[in-house]
Amino acid sequence: MKIILSWLNDFAPFGPATEENIDRISVALNSLGLAVEDIQRVGAPIPGIITARVLRTERHPDAAKVHRVFVDAGDGAERHVWCGAFNMSEGDVIPLATLGTVMPDGRDIQKRKILGIASEGMLCSGTELGIDDDGTGILLLARDTPLGRPIMEVLGVEADAVFDLDLTRNRPDCWGHLGVARDLAAWFGLTLSVPDPGLGALGPVREAPVAIVDGDRCGRFTSTVISGIRVGPSARWMQQRLTLAGMRPINNVVDVSNYVMLELNQPNHAYDLDTLGGGRFRIRRAASGEQVTTLDGVERALEPRDLLICDGHDAPIAVGGIMGGLHSEISESTSTVALEVAWFEADGIGQSVPYLNLRSEASARFERGVDAYGIDRAIARFAALLRETCPSLVVHAGTCDARAASMPDEHRSTRVRTARVNALLALQLTDADIVGLLGPIGFSVHVAGPGLLDVTLPSWRPDATSEIDVIEEIARHHGYDNIPKSVRKSPEGGGLSPAQKRRRRVRDVLLGLGISEAMPDVFLSPGDMERAGHRGAVVTVTNPLVAEQSVLRGSLIPGLLKSIAYNESHRAMGIALYEVGHRYLPGDDVLPFEAEQLCVVLAGREAPAAVAVWEELRAALGWSAARLAVPATPIAGLHPTRHSAINLGRGRDGEAVIGSVGEVDPAVLEAFGVTERVAVLDVDLGTLLQIEPPPTQFASFSRYPTSDIDLAFAVPDTITASRVAGALKQAGGAMLVRLELFDVYRGTGVAAGARSLAYRLRIQAPDRTLTDADVSDVRQRCIDAVDKVGGTLR
């Protein structure tokens, strides 16, 4: 928000635009929480630019885009200047930048030749002088303007400063100069003077009736008929202020409308009454698919969330609180307007703006909150300012003031406890101190009793609703720098939650296994999930940042496969990656279902490698309740014969599937351009992190020799390798210190529907050297155990 110092001085004597005063005001604004991002100094005298009269102009036969202008700067000497603007004629008085002048944009005016003829200066537009944004022609002054005078002196332009403020959403009042001036005046102890010109004598009754159909979105809508208007340029001082505030001057009616908005934080819109269908307004929600062309020339499709201002024929003429319709503009023939000043519900505007991708100065104010009870002042200010360029202006009696139930209460209050103020701010303020701080900013206070204050909340501060909001105002105007600084000691030091510690442990284990962490994008291209073998519903983003990434991932596997493919394209083979992230599935409510997943991919490796990673995690995190199992149905995207489900628990409802381990389907790898086999582990990490691991216990180790036994079993495909391993571990007991699956074979010698699993068992006694009988006993127990689960020794 750009705030102009000279404009602030209309409300209180804040002082001139000297460096010292500008710095003083900047410090005050920052102390009040109105952060100053930038300060622009403008209007300072420009040495060397003076007034000059056009003596004559000449065209050069070889110059089509410039002509020769001869001027007199009051010293009787004729100067020749080349100029590319053609809007001046003999006798006009114009600004002349003499030789040696340094322009505001840094240009140094020196004698330069065109077609061998020297130019003795430069003729200036308003833009080049920094006083407006009209760069279409040279600035023309009154013909009786004295010659040779400094241009800023002649124009009456004084030095000024523009403060660019970064406003937080809880200060909607400061989107107008009045709100900033109110805070500053209270800070400096100055008296605030608010313009309240009144409407004066009213003309005959003339109405533009208003009907509010959807009162939940529009709480108040006023329509005032004003005639006697003559459309033309606004006063130069107004154009200069609007330009400094970042707005382009258009004509007196539009400029006054914008000026009132920037001054009082009251957006408004003037409609040509003669072109207003039916001469009345109707405020309603849009129908689904209804279209309107806004002032920016864009045709927009609307939905019932959007509010329309319609004419008497129910034809849309504006998007309520955001932007007027294309055909609602003021034209040169406009003589009578219906002035709209309204209050629209903030949340509704906030919903429409992003969906329509349409932001305006008006919507920025309405979605933060404007004063529903400052409308009358805005109407009077509009009329008073427009009367300066339209002396015959008439404000007609019969203003239509339609109100609905959604209009906020004018009289709001809250109780503030002095003890609570002091407890929160670590101060020793009295009731009188608080009254003195709140009064100047419009919070009237009634002392209900010792330490009990009933504070009336001003209508221009919709953000203030409770005691804590008032305490914030007290803190701001007391001065944050004046509040004692202290660091309170917490009874407990900060730390990680158990789940956070386990998540870090997962990362440590994977890092120890030589697996690198990857962070693919959570957004996928349409079709990525289907290429990964998942053909269910997906979550689609309505307004994606990139059209090619409009799907929220339902699995972490596609992103990691893309990473493998990218590395392969750069000749980096056999990489191992993992990701801890979230996947998104369609939910029953508005928001999708979200779950934290762990996914590990091992390029150039087979399924047992992924199982080994799972076993390491399972042992390190104490996930003994989770085990491998044959899935009831093949898991999408994985190799049909090289994967297993990971189940958790054995309750009344059976086991819950929390993940899978195995290899990626070759068809999926081909779809992603991966040429290597890829082992994968994909588990529901959010569920596993909730498992409380058993206490870590010391396990003694043996100093005696070990013996290895190799056993190969023919096992049906319906029996998982983990089930066979479990049987071997149980049979081996305390003597089995290591178990390794070192070979899987299908083919000659093994029946169809089965495969050979070869295990290496390492046994060791804790208290003695093993005998042949010990080894033979363990071997037989293991063979018998596997036989019971359905395996046969080969």
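Over the ring of which residue does the charged end of arginine 56 sit? The charged end of arginine 56 lies over the ring of phenylalanine 70, 3.9 Å from its centre. A charge is taken to sit over a ring if NZ of Lys or CZ of Arg is within 6 Å of the ring centre and within 35 degrees of the ring normal. In a second case, the charged end of arginine 760 sits over the ring of phenylalanine 742, 4.6 Å from its centre.

This is a predicted model, in which local features need pLDDT of at least 70 and side-chain atom pairs count only at pLDDT 80 or more, while totals for chains, interfaces and linings use all residues. Residues are numbered from 1 along each chain as its sequence is written, and side-chain values use heavy atoms, with hydrogens and water left out.

Rings may also pair with one another. Rings of Phe, Tyr and Trp (its six-membered ring) pair if their centres lie within 6.5 Å; planes under 30 degrees apart count as stacked, over 60 as edge-to-face and the rest as tilted. By this rule there are 7 aromatic pairs. The rings of phenylalanine 344 and phenylalanine 366 have centres 5.1 Å apart and planes at 80°, so this pair is edge-to-face. Phenylalanine 344 belongs to strand β20 (residues 337-344) and phenylalanine 366 to helix α9 (residues 361-366), so that the pair links distant parts of the chain, 22 residues apart. Helices (H or I, at least four residues) and strands (E, at least two) are DSSP runs, numbered from the N terminus. Both phenylalanine 344 and phenylalanine 366 are buried; buried means under 20% relative accessible area, exposed over 50%, and partly exposed in between (1.4 Å probe, protein chains only). Elsewhere, ring pairs join Trp7, Trp237 and Tyr259 into a cluster.

The next topic is the packing of two helices. The axes of helix α12 (residues 431-438) and helix α13 (residues 467-478) come within 9 Å and cross at roughly 85°. Axes are lines fitted to C-alpha atoms, for helices over the stretch in contact, and angles run from 0 to 180 degrees between N-to-C directions. Ile434, Leu437 and Leu438 in α12 meet residues of α13 including Val470 and Ile474, where contact means heavy atoms within 4.5 Å.

Glycine 439 lies in the loop between α12 and β24 (444-449). At 40% relative accessibility, glycine 439 counts as partly exposed.
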